[in-house]
Amino acid sequence: MRKVALLVALLSFVSMAPASASGLGFDLDSATIPDLQARMARGKLDSVRLTSAYVDRIHAIDPKVRSILVVNPAVRAEAAESDARRRTGRLRGPLDGIPVLLKDNIDTRSMDTTAGSRALRAKPTADAVLVKRLRAAGAVILGKANLSEWANFRAAKPTSGWSGVGGQTHNPYVLDRNPCGSSAGSAAAVAASLAQVAIGSETDGSVVCPAGMTGTVGHKPSLGLVSRTGVVPISAEQDTAGPMARSVVDVAITLSALQGRDHADPATWRYPVTQPRDYAALLRPDALRGARIGLWRLPVLGPDVDAVMSQAAEVLKRRGATVVEVDLPYQARLAELEFPALLTEFHRDIDKYLAGRPDVPRDLAALIAYNRSDPLEQTCFAGQELFEQALAAPGPDDPAYRAQRAELTDLAKRSIDEVVAKYRLDAIAAPTNPPAWKTDCATGDNDVIPSSTPAAVAGYPAVTVPAGFVGPLPVGISFMAGRWADARVLSLGAAYERAANARRAPNYLPTIG
């Protein structure tokens, strides 16, 4: 009887879930931005209808997924403005009229920006620079996505996708499984077709892991490609925002709008004048032909994931790539050095950020005091060990810290550069994630995900695309290369995406054995 009741509940929910039932007359899940723009150009669709379809799906489906914190109250007005621009021939580019969701550690002056913490329930004084760029490109700001509170940098054993503001985000493929973090809501919303594009952020794995775990595409750009001004920080040495979507082309279009120099963000001062303006135009279906790809298998992720990587290697070979088995050096030392460096950098950078926000705690010490006073901040993981360790960490001028950070960044770059040079590679590919673990506040995350660290610490680009499944749970494959090689990894990822055709829409299973 229990199995029958479970099946009935499942079928009743799935029946309302397919994106083909959006009322738009086409499958929203598989539609790309170019598809949508073509329909709007022919008068078969407009931004108000598209945006309304997403808002309707949020109301219908997100109570099960819990990926959205708030829908922008002005979202339909913004869509109507885009439609007016279209009627008068004043479109701002391919992102005009497209609904974009923001991770809630990205400042928006019209909506609270909380980083998932109840301590930050207030509106910033200005939009983040990347939000200004999205608006300049005509994007419709759909709302704010839930995230792992403080981007998973509060407790020693956090639960990804949980925040004091939004509760627990669920993986749309199996609802009691974790979406990974910290861009959990951004990834889950895109996977469930609750947004066309979402913006996440990453210090180490926070874009690529949630994208991999939810069967979506996520791009961690080169450090300095996208402004961090107005994004709640962990570390200026590693942080970057990046786009997430159901296709590489949508990610490429969004990255083109996001990128650029910012006088307030020194990392962007190195942004090359030769960097492409339109990444989507550089996506080549034959990009894998003649490419040399290093496959970093990472058997620690288990035999099921390795089997997916073997299938991925065959796809690469069939499309004309040479696949070379590689192992990246220095990983143990990177793991040893990264965490102490981040403690120092978080204390420095969060104090600087909070100083510019009205009506919130003034510094890290005040955040710690707030968490001790708010019982709701302790309803999943109660600890704030990382906050406390960061408060006691050496300052940024400490000679030992500076030496550790220099060694850390150097080894991360060498771990990629030396392998690329030795084997004459165009990129390194690796499994992005294990199958999603069961969400459990008592035990926290069960994550072993080393593949993101080299590119994250080095400041190099990485893109993850769906590679396959372990049972009903998605596994991604990441392509990484040297700094500013964003166009290359996106093109390789798009060619693999086309060849593998590995993504399928989620079924919102309540659980699995």
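The model is predicted, so local features need pLDDT of at least 70 and side-chain atom pairs count only at pLDDT 80 or more, while totals for chains, interfaces and linings use all residues. Residues are numbered from 1 along each chain as its sequence is written, and side-chain values use heavy atoms, leaving out hydrogens and water.

Let's start with the helices (DSSP runs of H or I, at least four residues, numbered from the N terminus). Helix α9 covers residues 303-318 and helix α15 residues 486-500; they pack at about 105°, with axes 10 Å apart. Those axes are lines fitted to C-alpha atoms over the stretch in contact, and angles run from 0 to 180 degrees between N-to-C directions. That makes α9 and α15 roughly perpendicular, a label for angles of 65 to 115 degrees. Where they touch (heavy atoms within 4.5 Å), A312, V315 and L316 of α9 meet Y496, A499 and A500 of α15. By class, this contact has 6 nonpolar residues, with no polar and no charged ones; Ala, Val, Leu and Tyr are among those counted as nonpolar.

Now for the charges. The structure holds 27 salt bridges, each a side-chain nitrogen of Lys or Arg within 4 Å of a carboxyl oxygen of Asp or Glu. One of them joins R154 to E149 at 2.9 Å, N to O. R154 is buried at 1% relative accessible area, and E149 is buried at 1% too (buried is under 20%, exposed over 50%, partly exposed in between, with a 1.4 Å probe and protein chains only).

R297 pairs with D306 at 3.0 Å, and D306 is partly exposed at 23%. R362 bridges to D363 at 3.9 Å, with R362 exposed at 64%. Shared partners also link E78, D127 and R135 into one salt-bridge network.

Notes
Helices (H or I, at least four residues) and strands (E, at least two) are DSSP runs, numbered from the N terminus. Angles under 35 degrees count as roughly parallel, over 145 as roughly antiparallel, 65 to 115 as roughly perpendicular and the rest as oblique.
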